[in-house]
Amino acid sequence: MIKKVLIANRGEIALRVIRACKELGLKTVAVHSEVDAEALHVRFADEAVCIGPANPRLSYLHVPAIIAAAEITGANAIHPGYGFLSENAEFAETAQKCKLTWIGPPPDAMRAWGDKVTARTNAARFGLPMLPGTGVLQSPEHALSEARRIGFPIILKASGGGGGRGMKIVRDEASLTAAFLTAREEAMAGFKNPDVYLERYVEKPKHIEFQIVADKHGNVVIAGERECSIQRRHQKVLEEAPSPSLSQEARERMIVLLQRAVRETGYYSLGTVEFLMDERGELYFMEMNTRVQVEHPVTEMVMGMDLVAEQILIANGAKMAIEQSKLVARGHAIECRINAEDARTFAPSPGKITEYHPPGGVGIRVDSGVYGGWRVPPNYDSLLAKVIAHAPTRKQAIARMRRALDEFICEGVKVNTELHKRILDAPEFQKGDVSTRFLEQLLGT
Ligand code: MV4
């Protein structure tokens, strides 16, 4: 039985996990780097252990230090949050060997979905809709014959990549060989795996992802989908649930397919299946993320569930109480990621927060890891807080978010609240018809 959870993360997600643990009556252990000694997750955990210097390789990514911290404090479970070690199957396996309950999926499943070529094979086997594409490309000649079969433009992707890393768009035969060879080299350098594959390229896709919740007893629910098209350089900026672009018929069809696929694989814990939607409204499998996502609160708000609590209970072997038929989105939720960054250059803006006043009021939730007087360190990503607005309709959720952003006070560091207001005010956004190109169009870049 899980009694004490070590949270191998920092910032708002560490706090989010601590909150779930407290409500479940579990003790919590925070780990932190030297520059995070005064961070909020350290203050709110029952115990805290300093695991190394600011450099994440020597602290939040340093497996022996994290395992030792669990040992010293008597923690018997590990929650990895998102980022850092959350999708590292070796870390999950090491934790299990050390008799720590891994609050996540089976390590073998993490490994299989983490390899994008294997993931494609699995998704196709379960009957998920796929873009025309290939397995591992063996040579420039192989790449060329496959690209001709599929038709240009194509996109080369690294099997070890994901989340937009290691991709190359190729528009004609003449550029393919060079692109293939460079892609292999970059994949080897970046992911220690030279394998690349190709897919038909979709010019102006939408990004829609489905939330999986599955227990160890074969119970699987799909907690609807999120619209995540508003992003910059593969960093999501604003997400919503449900997606304004998905018909109820398409949603129901995908839920049936995913439920069967997840049940057949024996996958458990949380998971997110990412799809591209093309200009014709067709969905295609992209990748599966085997962790809790930054944007999970929009699903929680519309579904009225605590995904992190479910994840912990599932790791503990509990049978899920939720039924698919009861999971109908109630209203609409929008999340704005508040980053410490320069409005013009998007460069990180670390420093001391001199004044901090998060919004509140009906239908507003703020998940944040900061407070007034705290110094935002320059060593980690720039996410300070997530503002989530929940309302009966999308239009009301937009108005509520606009009001909340007007209340948001954060002085001392630069924040991106004005960017969010521009998005909310854009007619295309208000129509609910935005692609992954929306933000570059809005910014004129
Ligand atoms: C694509 C694509 C177009 N066609 N695949 C980027 C993240 C990774 N999960 C997949 N990505 C893409 N794959 C094909 N065949 C365009 C993207 C893409 C993208 C996808 C989702 C959200 C934002 C994106 C931004 C640029 C490119």
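Modeller: Start with glutamate 199: one of its polar side-chain atoms sits 2.9 Å from a nitrogen atom of the ligand, a polar contact, meaning a pair of N or O atoms within 3.5 Å. Bear in mind that this is a predicted model, where local features need pLDDT of at least 70 and side-chain atom pairs count only at pLDDT 80 or more, while totals for chains, interfaces and linings use all residues. Residues are numbered from 1 along each chain as its sequence is written, and side-chain values use heavy atoms, with hydrogens and water left out.

Arginine 200 uses its backbone instead: an N or O atom there lies 2.7 Å from a ligand nitrogen. Glutamate 287 brings in a polar side-chain atom at 3.1 Å from a nitrogen of the ligand. On its own the ligand would expose 520 Å², and the protein buries 90% of that (Shrake-Rupley areas, 1.4 Å probe).

Now the wider shell. Strand 6 (154–162), strand 8 (196–200), strand 12 (269–277) and strand 13 (283–289) each give two or more residues to it; strands here are DSSP runs of E, at least two residues long, numbered from the N terminus. There are 18 residues around the ligand, and Lys157, Glu199, Arg200, Val202 and Glu287 come nearest (near means a heavy atom within 4 Å). By type, the shell holds 7 nonpolar, 6 polar and 5 charged residues, with Gly counted as polar and Asp, Glu, Lys and Arg as charged. Domain 2 (132–200) and domain 3 (206–443) each supply at least three of the shell residues, with bounds from an automatic or database domain assignment.

Conventions:
Polar contact = N/O pair within 3.5 Å; in protein donor to acceptor, adjacent residues only side chain to side chain. Helix = DSSP H or I, 4+ residues; strand = E, 2+ residues; numbered from the N terminus.
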